[in-house]
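User: I'd like to learn how to read strand pairing and a metal site in a model. Could you walk me through an example?

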Amino acid sequence: MQKISLINAIQVFDSRGVPTISCKVSLEDGTSASAMVPSGASTGSKEALELRDNDISYHGKSVTKAVNNINNILSSLVIGKNPSNQKEIDELLISFDDTEDKSKVGANAILAISLATAHVAAKANKISLYKHFSKVYRDITGQNVTHCMPLPMFNILNGGEHADNNIDIQEFMIIPSGAKNFVQVMQWATEIYHNLKKILLKNNYSTAVGDEGGFAPSLDSNKEALRLIVDAIKESGLVPGKDVNIALDCAASEFFDDNKYILKGERKELSSIQFVDYLDDLIQNYPIVSIEDGMDENDKDGWKLLTERLGSKCQLVGDDLFVTNKKILKDGINEEMANSILIKFNQVGSITETIETIHFANQNNFESIISHRSGETEDTTIADLAVGLGIGQIKTGAPCRSDRVAKYNRLLWIEEESSNILLK
Ligand code: PGA
Ligand code: ZN
């Protein structure tokens, strides 16, 4: 195998026009590949550190320190190494940083190299990236994977930190559970999305979109959002609860204050117990099969109550709660909080740690859902990660806007090229 001969990074821009890192890894024979790092807005407090310059340029958001760390420091650790040895490379970077949250060189710097290394290794081995990820999973865990196409959660109505409307729940998503293949998944999702637009227009609501491409109208309540989505599903000739289900990401940490869940849009202040009742009522009235971050990340008692009350009838996903961190997930499982985990590379900062967390979730019968961030780029690595690790679910925004659709389009090509890879 050709060894790594050069690493260089530059500052590029994400879907919000905010600086991020693009990193290119080159091998001795000139083979090269690059990757880009995403960025969150409603972040968990225990995420690995995204190093930003915090000076007057770019509203403090430039990443030249992290870029320089790659070009001037981290590259020398990795040059001469075999790019197929993902774990060895990630561990070199992690141990050089030697902080719990990767704050010395920046998790964004480490992740940029980690991702670009996987891409160049796949290219040099002349295999698809998803097949390379299966190999890396086997190297790290000793286990084989059965490839599958993931079922997406499409975020078609945006609120919370991702929109300027009055909706408190961050994401209203549709899951085309009854679709027979990924082509049909996309047909149903786009038809529902466009019917939702028509319904919003008919009701004189805004059809401007939020950060993840979903519509962001101001509405009377979260229930009204659910009603409009159910109408859009029906209008598309599909059956809510059979062909298409609904998922929510409350991102509840964003509206939890002074031990209360404050729903500004509905003028409600609810205790943990009352908010569990509120979510239970939503589940009973709408075809909701998954709720992410239903409770604040520090409201442990709320999480335990939510899991006890709704865990047998609904997927309860920990995002800000677990931040893709194996240790935090382990504590959560011991305390019986949630029953599944959202997976975001940049919450933990390397491919190896991400895979270790997914493996730990698998061993504990926790479902994993591969996820984008609200600040994205045209990078499609997560599509290959989902297929390569046989993860049955992905969320990567609306079926609209190229930063979101790029991942779905990559999945369409994987299905086209490998007809034996089926939806899970
Ligand atoms: P973020 O949002 O990328 O802004 O954190 C996505 C999510 O909460 O799932
Ligand atoms: Zn979330």
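**Strands first, then the metal**

Analyst: Happy to. Four bridges join strand 12 (residues 340–343) to strand 13, and the two run parallel. Keep in mind that this is a predicted model.

User: Which residue of strand 13 stands opposite Leu342?

Analyst: That is Ile369. On to the next neighbour: strand 13 is also joined to strand 14 (residues 393–395), by two bridges, and this pair runs parallel too. Here Ile370 has Ile394 of strand 14 as its bridge partner. To get from strand 13 to strand 14, the chain passes through helix 12 (residues 381–388), making a right-handed β-α-β crossover.

User: Why is strand 13 largely enclosed by the rest of the structure?

Analyst: Burial is read from relative accessible area, with under 20% counting as buried. Strand 13 covers residues 367–371, and four of its five residues are buried, so the rest of the structure largely encloses this strand.

User: Now the metal. What are the protein donors of the zinc ion (ligand 2)?

Analyst: A donor here is an N, O or S atom within 2.8 Å of the metal; water is not among the atoms, so a site may look incomplete. For this zinc ion the protein donors are Asp249 (OD), Glu292 (OE) and Asp319 (OD), at 2.0 to 2.2 Å. Along the chain, their spacing reads D-x42-E-x26-D. Asp249 belongs to strand 6 (residues 245–249), while Asp319 sits in the loop between strand 11 (315–318) and helix 9 (326–334), so this pair ties together parts 70 residues apart in sequence.

User: Are Asp249 and Asp319 buried or exposed?

Analyst: Both Asp249 and Asp319 are buried.

Key
Residues numbered from 1 in each chain as written. Chains lettered and ligands numbered in written order. Predicted model: local features only at pLDDT ≥ 70, side-chain atom pairs only at ≥ 80, totals over all residues. Heavy atoms only, no water. Buried < 20%, exposed > 50% of the residue type's maximum accessible area, 1.4 Å probe, protein only. Pairing = 2+ DSSP bridges. Right-handed = clockwise from strand over helix to strand, strands pointing away. Donors = N, O, S within 2.8 Å, 3.2 Å for Na, K, Ca; no water.
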